Amino acid sequence: MRIGAVFPQLEIGSDPAVVRAWAETVESAGYTHALAYDHVLGASPEHRPGWTGYTDKSLFHEVFVLFGYLAAVTTELELVTGVVILPQRQTALVAKQAAEVDVLSGGRLRLGVGIGWNQVEYDALGVPFKQRGAKLEEQVDLLRKLWADPVISYDGKFHQVEEAGLNPLPGRRIPIWFGGSAEAVLRRTGEIGDGWMPQSAPDDEARAAVERVRRYAVEAGRDPAGIGFEARLGLGRLPDADWPGFVRGWREIGATHLGVNTMGMGLKSPADHAAVLRDVLPLLKES
């Protein structure tokens, strides 16, 4: 199992030296990857009674810009989006940004994608909210075609490309993983995905979901062994005595990756996040 660290978006601040120190600590500690969340805009709750999502006070570094920076200050750390809200972004631009990060990092990008939930953000970006699921599948197809060939033509429901292409190309098929828990996400992962990013306990329901992903892969004529699974361990959500059991449970279900999240622990500084990650890794590896 490859163990990575969740970038503490909401609690790290905007000092580039602090971001660099966090990344260097995570890499030197032995984590295999860093995973960052994606949001472009935060909604003000002032005139939205009952709003429970992220707000204008929630700090989010833009993932591709962040990864361009991290590509320069790390050497081996895989850079993972967890997840890019793909339908609210222009597909060709995402293809370009992802290819650039992959090239400049030496092939270290893993693109996690999802449809999101924040209609406020979609509206502000001028993108229809209701068609986001259907659009996502076509986007993945177009991304892979743009990464594969210097010049392509594409005639889809949401996209038209006539004899155009990216330069530079990534030189490989960048892995695309899906986030979310709906049945459509499980089916989509089995049929076209490189991996799935569940955010649940390693219980019977999670085991059944992994089995359904594998069944969808078989039905699509794919080898289910080629699909990865990345669980998410929120250290602030479980007593520390339960952390090893969480890791063992997901390992038994078939998780190939684990992301460790330190947000929500009441830590006082970014250095504390890095220190917790450094200290907890040996325990998780032994689990």
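**Fold, salt bridges and local geometry of a predicted chain**

Val 83 is found in strand β3. Strands here (E, at least two residues) and helices (H or I, at least four) are DSSP runs, numbered from the N terminus. A cis peptide bond joins Val 83 to Gly 82, with omega about 5 degrees. The model is predicted: local features need pLDDT of at least 70, side-chain atom pairs count only at pLDDT 80 or more, and totals for chains, interfaces and linings use all residues. Residues are numbered from 1 along each chain as its sequence is written, and side-chain values use heavy atoms, with hydrogens and water left out.

The chain has ten helices and ten strands. The radius of gyration is 19 Å, close to the 19 Å that the globule rule gives for 287 residues, so the chain is as compact as a globular protein of that length. The radius is taken over C-alpha atoms, and the rule is 2.2 Å times the number of residues to the power 0.38. Along the principal axes, the C-alpha atoms fill a box of roughly 55 × 45 × 40 Å.

Buried residues make up 49% of the 287 residues. Buried means under 20% relative accessible area, exposed means over 50%, and partly exposed lies in between (1.4 Å probe, protein chains only). The accessible surface of the chain comes to about 13100 Å². Carbon and sulfur atoms hold 51% of that surface. Areas come from the Shrake-Rupley method with a 1.4 Å probe; for residues, only the protein chains shown count as cover. Contacts (heavy atoms within 4.5 Å) were also sorted by sequence separation. Of those with a separation of 6 or more, 72% are between residues 24 or more positions apart.

The chain carries 30 positive and 37 negative charges, and their mean positions are 1 Å apart. Lys and Arg count as positive and Asp and Glu as negative, while His and the chain ends are not counted. Each charge is placed at NZ of Lys, CZ of Arg, CG of Asp or CD of Glu. Side chains of opposite charge can pair when their charged atoms come close. A salt bridge is a side-chain nitrogen of Lys or Arg within 4 Å of a carboxyl oxygen of Asp or Glu. By this rule the count comes to 16 salt bridges.

One of these joins Arg 89 and Glu 62, with the closest N and O atoms 3.1 Å apart. Arg 89 lies in the loop between β3 (78-85) and α4 (91-105), and Glu 62 in the loop between β2 (33-36) and α3 (63-73), so the pair ties together parts that are 27 residues apart in sequence. Arg 89 counts as buried at 13% relative accessibility. Glu 62 is partly exposed at 27%.

Arg 110 takes part in a salt bridge with Glu 78 (3.1 Å, N to O). Arg 110 lies in strand β4 (residues 109-114) and Glu 78 in strand β3, so this pair links parts that are 32 residues apart in sequence. Arg 110 is buried, with a relative accessible area of 1%. Glu 78 is buried too, at 16%. Arg 110 also meets Glu 230 in a salt bridge (2.9 Å, N to O). Glu 230 lies in strand β9 (residues 228-234) and Arg 110 in strand β4, so the pair ties together parts that are 120 residues apart in sequence. Both Glu 230 and Arg 110 are buried. Elsewhere, salt bridges that share partners join Glu 137, Arg 187, Arg 188 and Glu 191 into one network.

Phe 67 lies in helix α3. Phe 67 counts as buried at 1% relative accessibility. Leaving aside residues up to four places away in sequence, Phe 67 touches Ala 34, Ala 36, Leu 79, Val 80, Thr 81, Val 101 and Leu 109. Phe 67 and Leu 109 are 42 residues apart in sequence, with their C-alpha atoms 8.5 Å apart. In helix α4 lies Leu 93. Leu 93 counts as partly exposed at 43% relative accessibility. The C-alpha atoms of Leu 93 and Leu 143 are 9.6 Å apart, across 50 residues of sequence.

Backbone geometry gives two further cases. The peptide bond from Asn 167 to Pro 168 is cis, with omega near 10 degrees. Pro 168 is found in the loop between β6 (160-164) and β7 (176-179). Glu 163 lies in strand β6. Glu 163 has a positive phi of about 50 degrees although it is not a glycine. Glu 163 is exposed, with a relative accessible area of 62%.
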